[in-house]
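Please look over the structure shown here before reading on. The report below then goes through some of its parts in turn.

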Amino acid sequence: MNSLSLWLDKPHNPYPPLRQDSKADVIILGGGLTGVSAAYWLALAGIDCLVLEKHHIASGATGRNAGFILAGVAEHYSRVVTTLGREKARYLWNLSLENHSLIASLVEEEGIVCDYRKSGSYLLAISPSEFLEIQETVKLLREDHFSSVRLPEARIAEVLSLKGFSGGSFNSYDGELDPVAFVRGLASAAHRKGARFAEETPVLEVLQRDSSGVRVRTPEGIVEGEILILATNAYTPLVEPSFSDKVFPIRGQILSTTPVDARLLDGVVYADYGDRYFRQTLDGKLVIGGWRKWDEAREVGFEEETTDSIQSKLEEFLAEQFPLANVEITHRWAGIMGFSRNGLPMIGPLPGDSSCLVAIGYTGHGFGFGVRAGKILAELVVNGKSSAPLELFSPRRQSLSR
Ligand SMILES: Cc1cc2nc3c(=O)[nH]c(=O)nc-3n(C[C@H](O)[C@H](O)[C@H](O)COP(=O)(O)OP(=O)(O)OC[C@H]3O[C@@H](n4cnc5c(N)ncnc54)[C@H](O)[C@@H]3O)c2cc1C
């Protein structure tokens, strides 16, 4: 059984590790979606930047997710409206749509081959009470001029041939991709524009970060720069301990199968408040993930290891919903998400230190925000400000509040 994710199980020409001291105007820690996006926008603006990646481009959560591009944060829109208020909920939804548009235009303009499709998303309820929340979500979204269609139970069985769901909704503007192909392609585009990358180059220590500059230590050299970007998501507390009470490592698991000839699913499916998710890739493979709540206490920490308890739930679901002949499980994998306290990413400078910027804590929705978040960081470097309301994403924020 292959322990790599489906997306990472492809040849890759790595950028060489850093072997000596170096300098860069902006030093970016982390070569996932966020770090690569920041590098792309910085290079586009002509800023010298160097990405230092502990393992390989997209080898963190970015290479281990399900490849859904969903609008909004992980919580149902109705809950976000209740906790943050209508205006902020609407703003977050719009920001994630803007993020999705950026992905679509980068795919187009940079010629990134990543099976990107705007196939839409189904949000399904596993109980009548969740369906009530989904119906409230549909109502609020439509009032806010975002299209969303309510699907009663009978329609789920009809449109998706799925059993056991109490109802749901469909959002036509969501999408899916191969996350590794996208981020490797974006890294190549950034590299062509002048961004530099060093893989297998862990930052062992931040030696200095203040108004006179930043310095980090890697195994074979010190890197000096003006600004440090932490694009280290779940791993941030290991680099910057002040985040140990702000971003938490939470594990997610997935399996994928051999291709199925029939088209069983068009559009990605997100159920049980996002705890269960599945899709069928363009070439027919089923990708099924989640069920974290089944063994929640164990699904924490930094170990990218699958467990029998979660994998057996994923298999059970596969057999129950897609009782197909000749389908085999080819990949099982785990990845580490960075959860924030209130489910919103933290984007912007560290409190009291404009030499260090972060974009972390997407709480399982990095492909809904990460490209735009990288662009916000680039805007902060280039202009010293961003059009985004940074107070909403301030790392200072600790709890859910309006
Ligand atoms: C199982 C699973 C399913 C998911 N499904 C989805 C989905 O369908 N849609 C969605 O939107 N989101 C999903 N997510 C979340 C999404 O993958 C993340 O939000 C997103 O990839 C975060 O990207 P990132 O670049 O910020 O972090 P990461 O991809 O984790 O990148 C951080 C990088 O920092 C590097 N690093 C850490 N420390 C150091 C150091 N000291 N020196 C150098 N480098 C360092 C790491 O090696 C890593 O490559 C899922 C996540 C998981 C685990």
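This is a predicted model: local features need pLDDT of at least 70, side-chain atom pairs count only at pLDDT 80 or more; totals for chains, interfaces and linings use all residues.

For β1 the partner is β12 (residues 221–225), and the two strands pair in the parallel sense over two bridges. Within this pairing, Lys23 has Glu224 of β12 as its bridge partner.

## The six-stranded sheet

A further open sheet, also of mixed pairing, consists of six strands that follow the order β9-β3-β2-β13-β20-β19. Its edge strands are β9 (196–198) and β19 (346–350), each of which pairs on one side only. From one strand to the next, the twist averages 20 degrees.

Inside this sheet, β2 and β3 run parallel and are joined by four bridges, and Ile28 has Val51 in β3 as its bridge partner. The residues of β3 point in two directions: Cys49 and Val51 face one way, Leu50 and Leu52 face the other way, and all of them are buried.

## Helix α9

The helix α9 (366–383) lies across β2 (26–29), β13 (227–230), β19 and β20, and its direction makes an angle of about 170 degrees with β20. Of the 18 residues of α9, 15 are buried, so this helix is largely enclosed by the rest of the structure.

How does the span of α9 agree with 1.5 Å a residue, and what is the distance between its end C-alpha atoms? At that value the 18 residues should span 26 Å, and the end C-alpha atoms are 24 Å apart, which agrees. Just after the helix, Gly384 takes a positive phi of about 75 degrees.

## Around the ligand

The ligand is surrounded by 41 residues, of which the closest are Gly32, Gly60, Gly252, Gly335 and Gly366. The elements that give two or more residues to this shell are α1 (33–44), β14 (247–257), β18 (329–340) and α9 (366–383). The largest share, four residues, comes from α9, the helix that also lies across β2, β13, β19 and β20.

By residue type, the shell around the ligand divides into 17 nonpolar residues, 21 polar residues and three charged residues.

## Residues in the loops

Asp48 has its place in the loop between α1 and β3 (49–52). With 15 other C-beta atoms within 10 Å, Asp48 is partly exposed, because a residue counts as buried if 20 or more such atoms lie within that distance and as exposed if 12 or fewer do. Leaving aside residues up to four places away in sequence, Asp48 touches Ala24 and Asp25. Asp48 and Leu84 are 36 residues apart in sequence, and their C-alpha atoms are 38 Å apart in space.

Ala58 is placed in the loop between β3 and β4 (68–69), and its phi is positive, at about 70 degrees, although it is not a glycine. Ala58 counts as buried, with 28 C-beta neighbours inside 10 Å. Thr363, found in the loop between β20 and α9, likewise has a positive phi in a residue other than glycine, with a value near 55 degrees. Thr363 has 23 C-beta neighbours inside 10 Å and therefore counts as buried.

How values were computed
Residues are numbered from 1 along each chain as its sequence is written. A residue is near a molecule or strand if its C-beta atom, placed from the backbone, lies within 6 Å of it. Ala, Val, Leu, Ile, Met, Phe, Trp, Tyr, Cys and Pro count as nonpolar, Asp, Glu, Lys and Arg as charged, and the others, Gly among them, as polar. Two strands pair if DSSP finds at least two bridges between them. Two residues are in contact if their C-beta atoms, placed from the backbone, lie within 7 Å. The expected span of a helix is 1.5 Å times one less than its number of residues. Axes are lines fitted to C-alpha atoms, for helices over the stretch in contact, and angles run from 0 to 180 degrees between N-to-C directions.
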